[in-house]
Amino acid sequence: MAYMIGVDLGTSGTKTALFDEQGRNLASCTVEYPLSQPHNGWAEQDPEHWWQAAKTTIQTVLSKSGVKASDIKGIGLSGQMHGLVMLDGDGKVLRPAILWCDGRTGEECAQITERVGREKLIAITANPALTGFTAGKILWVRRHEPEIYERCRHILLPKDYLRYRLTGEFATEVSDASGMNLLDVPNRCWSREILDALEIDPAWLGTMHESADLAGTVTALAAQETGLCPGTPVAGGAGDNAAAAIGTAVVRPGRAFVTLGTSGVIFAHSDKVTIDPQGRVHTFCAAVPGSWTAMSCTLSAGLSLQWLRNQCCQEECRLASEQGVDPYELMTAAAQKSPVGANRLLFLPYLMGERSPLLDEKARGAFVGLSAMHTRGDLVRAVMEGVSYSQRQCLDILRDMGVAPDTITACGGGARSPFWRQMLADVLGCTIQTSPLTLEGPALGAAILAGVCAGVYDSVPDAADAIVRPGELCRAQADAGYEPFYDLYTRLYPALKDSFRELSAL
Ligand code: ADP
């Protein structure tokens, strides 16, 4: 039997899981680490914490599973995208990593757009300049910390720093590199044109691989530190969503997943590069060779319901703790008593501003149509419907791009609710499939990539299809009644946009 390890470097912790070749999870381990926010809107982590967590979790899954290190055929890496790790010529970390959720680079993004031109930037990198992405962070360090920039010789993404510690290689792969604003996404290579325009030395960037290619082998030193065998292959790996796609078998055209986690993501697989010229959804290289993904990201999906729970549902929280159930279950039970349209109440889920499809950090949430007759159940239903409408708006863009699927696998905490899954099916107008594997998704995806790299499987799509069990289907009901409410929802943000701007300036 062949075994693989997937390491998923998340924002709150690193989760490592060991799988056999049939995809059975034999052991998992997570080690958490802190996020530092030295200023409002900044987010940094110490790459040494990531390495310590990777070491401990790899040692733990080896000892918990009892699998011999010599039977581990490969390691796959996945992780949080967009983060900037800067190393000097000796491979020493120069400053804390600046993470995906750090918003300090507004001015740098404007500069990138000006230097490259918005249209050209979107045509080459498939995305507009976004504060979360890596290029703006590099320019920020150049401007604000020139003494550090002077000493920089290597730039790595978070999971690629783990690769460096495991293998000594400065390398990356196409799916994660797609989130840097530096990759020529259609051609799957660094863009010389963008690097020249931004005056970034190409020698600083890692060697580019496909996700299932060999991108290093474990060194003798790393073997000593982790318990792995020297020479164990390390695959290119993938960014967290691209790895989750492999772990949920979103590996062929016509397949997609939707995540109702804190944020909301729709991730659609395609065998062609399709770019939204307005940059409202991202296009990235997929971890499946020769394919791409179009992905939307809304910032406050589950977060909206969490906000409502924390601010308005103390009663449900108290009852839930008495009854030993989840407060969300009592909230959704109350919502089910409210009719479609929540008694004529609409909710805009822009609590953190919005990325897809508005690209407006000044947008804010709103209840529209509040009346004295509304109950908490109506509020909960309106929030769930508003979040579902925001996913529909994103899906409509993917439909226009020709990459929309008929069946979508639902992941994330919100997908635990059968009521929300049915609502999503009805609002999106497609079949929703439950995902049997949500927590291990990215680690499993990374392990599958490692298995392909090591020759255990023939191809990424075949391996994912053989391993990932399809979940239950939830079909859209004809005439569920959401359409007129959705239509009105899409007209509210344009009507309120200027008010949000004015409000933010008061
Ligand atoms: P994260 O993106 O932080 O990993 P999760 O995927 O765990 O988050 O999703 C958390 C969100 O899922 C919560 O904020 C809540 O909105 C939603 N959620 C969790 N459990 C339920 C449930 N039983 N019913 C409805 N929504 C739920």
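Colleague: Hi! What kind of model is this, and how are residues numbered?

Modeller: It is a predicted model, where local features need pLDDT of at least 70, side-chain atom pairs count only at pLDDT 80 or more, and totals for chains, interfaces and linings use all residues. Residues are numbered from 1 along each chain as its sequence is written, and side-chain values use heavy atoms, with hydrogens and water left out.

Colleague: How do E23 and E24 pair, parallel or antiparallel?

Modeller: Antiparallel, over two bridges, with E23 covering residues 431–434. Gln433 has Leu473 in E24 as its bridge partner.

Colleague: What about E22, which strands is it joined to?

Modeller: Five bridges join E16 to E22, and these two run parallel. Four bridges join E22 to E23, also parallel. Ala256 stands opposite Ile408 in E22, while Thr409 stands opposite Gln433 in E23.

Colleague: Why is E22 called largely enclosed?

Modeller: Four of its five residues are buried, so E22 is largely enclosed by the rest of the structure. Buried means under 20% relative accessible area, exposed over 50%, and partly exposed in between (1.4 Å probe, protein chains only).

Colleague: New topic! How many residues are in the largest nonpolar core?

Modeller: That core has 54 residues, and Met384, Leu398, Ile408 and Ile432 have the most contacts inside it. A nonpolar core is a set of buried Ala, Val, Leu, Ile, Met, Phe, Trp, Tyr and Cys residues joined through side-chain atoms within 4.5 Å. Helix H14 (residues 376–400) gives the largest share, eleven residues.

Colleague: What does Met384 touch?

Modeller: Not counting residues up to four places away in sequence, its contacts include Leu305, Phe419, Trp420 and Met423. Apart from this core lies another, of 40 residues, among them Met4 and Phe284.

Colleague: Last one: how many aromatic pairs are there?

Modeller: A search of the whole structure finds twelve. Rings of Phe, Tyr and Trp (its six-membered ring) pair if their centres lie within 6.5 Å; planes under 30 degrees apart count as stacked, over 60 as edge-to-face and the rest as tilted. Phe347 and Phe367 have ring centres 4.9 Å apart and planes at 45 degrees, so that pair is tilted.

Colleague: Where do those two sit?

Modeller: Phe347 is in strand E20 (residues 346–348) and Phe367 in strand E21 (residues 366–368), so the pair ties together parts 20 residues apart in sequence. Phe347 is buried at 2% relative accessible area, whereas Phe367 is partly exposed at 24%.

Conventions. Two strands pair if DSSP finds at least two bridges between them. Contact means heavy atoms within 4.5 Å.
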